Amino acid sequence: MYSLLPDIFGQTVFKGWLKFLKLEADTGGKIILSVPSAFIRDWIASRYLEKILETYRHHVPDTQLYGIEIVVKEEESNSAAPTPSYNTQNNESEALDNYLLKNSTAGLDPRFTFENFVVGKPNELAYAAAQRVAESDQVYFNPLFLYGGVGLGKTHLMHAVAWQLHKTQPQRKVIYMSAEKFMYQFIRALRHKTIINFREQLRSVDILMIDDVQFISGKDSTQEEFFHTFNSLVDQKRQIILSADKSPAEMKGIEERMRSRLGWGLVADIHPSTYELRLGILQAKAENLPMEIPQEILEFLAHKVTSNIRELEGALNRIMAHATLVGGEITLDKTQEVLRDLLKANEKYITIEEIQRHVAEHFNIRVSDMHSSKRARTVARTLQIAMYLSKQLTSRSLPEIGRKFGGRDHTTVIHAVKTVQSLQADDPGFQNDLSLLEKMLSH
Ligand code: ADP
Ligand code: MG
């Protein structure tokens with residue numbers, strides 16, 4: 001009957017839980033099974049016991065069985081390898097034990113606090129939600145799912161929650177770890193047969209934070225384990241905070257049941273940063289520097305380094321390092337020189353094709369109209385605008401631009417540029433329209 005369990009419950013449940021069952025006694029009316037820990041007993045009892053009983057009755061037809069009891073019986077320890085316990089010493093899972101039990105601030109970056117987090121439109125929801133979680137002892141939304149591109153502050157916010165809890169509610173057990181670490185610890189626990197320990201620890205926390213959850217997509221057994229941890233904590237009304245580079249709906253390689261659970265609570269996105277937020281972050285950082293950095297340099301950086309906050313900080317650090325080592329005033333020229341490679345990587349290249357597409361869309365014509373020699377009046381004006389913008393926003397030469405517009409002469413392009421310039425001077429409405437287009441294209 002024992003051998004039927006894997007088929008009936010599936011390998012995962014069997015390997016994770018049921019394989020620990022041992023037959024202690026069979027009285028005819030009642031079976032006594034043992035497991036190595038109270039946690040496993042409770043888990044099995046609450047989920048699988050009825051079905052085990054049913055299975056038994058089904059397969060042993062004449063049974064008088066009326067009940068199953070599960071008792072806890074600690075495994076006999078052979079002195080060299082102690083049974084998994086919280087005090088394990090000579091065991092590779094020690095790192096996990098320490099990590100989980102003794103020092104919940106291990107691995108937290110001391111700079112990643114709420115005080116050091118600059119709030120702006122792109123991150124205000126994520127910030128407010130993280131604060132709410134850190135300040136209350138109730139679970140309002142579970143999980144809190146933070147997502148956004150790389151370097152936008154997800155890890156910073158999670159650490160901030162952990163620091164805040166550590167300060168104000170030190171009795172609560174908080175675990176923060178990356179999904180990668182989760183997988184690593186899980187595999188190690190499997191290898192060293194400390195999986196019970198691993199589970200009990202993770203499932204006994206008050207707040208669990210797993211960073212970069214996208215890491216476990218496509219990794220089936222880690223995902224399965226994570227799913228059970230997740231469910232167990234939700235059932236116990238413990239708070240979970242997750243981060244990922246995409247929303248649950250956009251994540252690939254995630255099981256459907258998992259995806260839907262991930263979206264159960266509050267899904268808060270962190271948008272790409274805005275100029276204002278970048279400048280705010282730079283100003284906050286600059287305040288803590290031993291050296292004054294001119295405002296115009298900060299503005300320049302906020303304008304030019306747009307990829308992510310980490311790079312922005314990196315830029316500031318490089319300027320500081322340069323100024324400290326080489327000395328001298330921090331000027332715009334020097335900044336440009338020191339950051340040449342970074343600025344280049346952040347440069348936004350716009351192609352003439354993109355300009356044509358946007359302008360055509362804006363004025364509701366077809367791109368192909370721009371290449372044809374037809375000269376409907378409206379198309380002609382639109383064409384001129386697209387040529388003008390190509391001159392302004394790209395480094396292409398006049399003949400090159402002409403060629404991209406159905407092989408027109410460079411003098412046509414010159415004429416277009418002049419026409420648009422004089423129209424702008426005469427007509428504020430037209431100017432507005434144009435600067436809107438320009439903004440859209442150069443962002
Ligand atoms: P993510 O985890 O989203 O990839 P991080 O949290 O590691 O990004 O943030 C990258 C860097 O940018 C960190 O040094 C962090 O302190 C900084 N940072 C991000 N957002 C902010 C913010 N709003 N205020 C201050 N620093 C920020
Ligand atoms: Mg991160």
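User: Before we start, what's a nonpolar core here?
Analyst: Buried Ala, Val, Leu, Ile, Met, Phe, Trp, Tyr and Cys residues that are joined through side-chain atoms within 4.5 Å. And keep in mind that this is a predicted model.

User: OK. How many residues does the largest nonpolar core have, and which have the most contacts inside it?
Analyst: It has 51 residues. Those with the most contacts inside it are Leu18, Leu21, Ile44, Tyr48, Ile210, Phe226 and Leu242.

User: Which helix gives the largest share of this core?
Analyst: Helix α10, residues 220-235, with five residues. The core also draws on two domains: at least three residues come from each of domain 1 (2-76) and domain 2 (96-270).

User: Switching to backbone. Which peptide bond is cis?
Analyst: The one from Asn142 to Pro143, where omega is near 0°. Pro143 sits in the loop between α6 (124-135) and β4 (144-148).

User: And what's phi at Lys193?
Analyst: Near 55°, so a positive value in a residue that isn't glycine. Lys193 is in the loop between α8 (179-191) and α9 (195-202).

User: Lys193: buried or exposed?
Analyst: Exposed, because its relative accessibility is 67% and the cut-off for exposed is over 50%.

User: Where is Lys237, and what's its phi?
Analyst: Lys237 is in the loop between α10 and β7 (239-244), with a positive phi of about 55°. At 64% relative accessibility, Lys237 counts as exposed.

Note on methods. Residues numbered from 1 in each chain as written. Chains lettered and ligands numbered in written order. Predicted model: local features only at pLDDT ≥ 70, side-chain atom pairs only at ≥ 80, totals over all residues. Heavy atoms only, no water. Buried < 20%, exposed > 50% of the residue type's maximum accessible area, 1.4 Å probe, protein only. Helix = DSSP H or I, 4+ residues; strand = E, 2+ residues; numbered from the N terminus. Domains from an automatic or database assignment.
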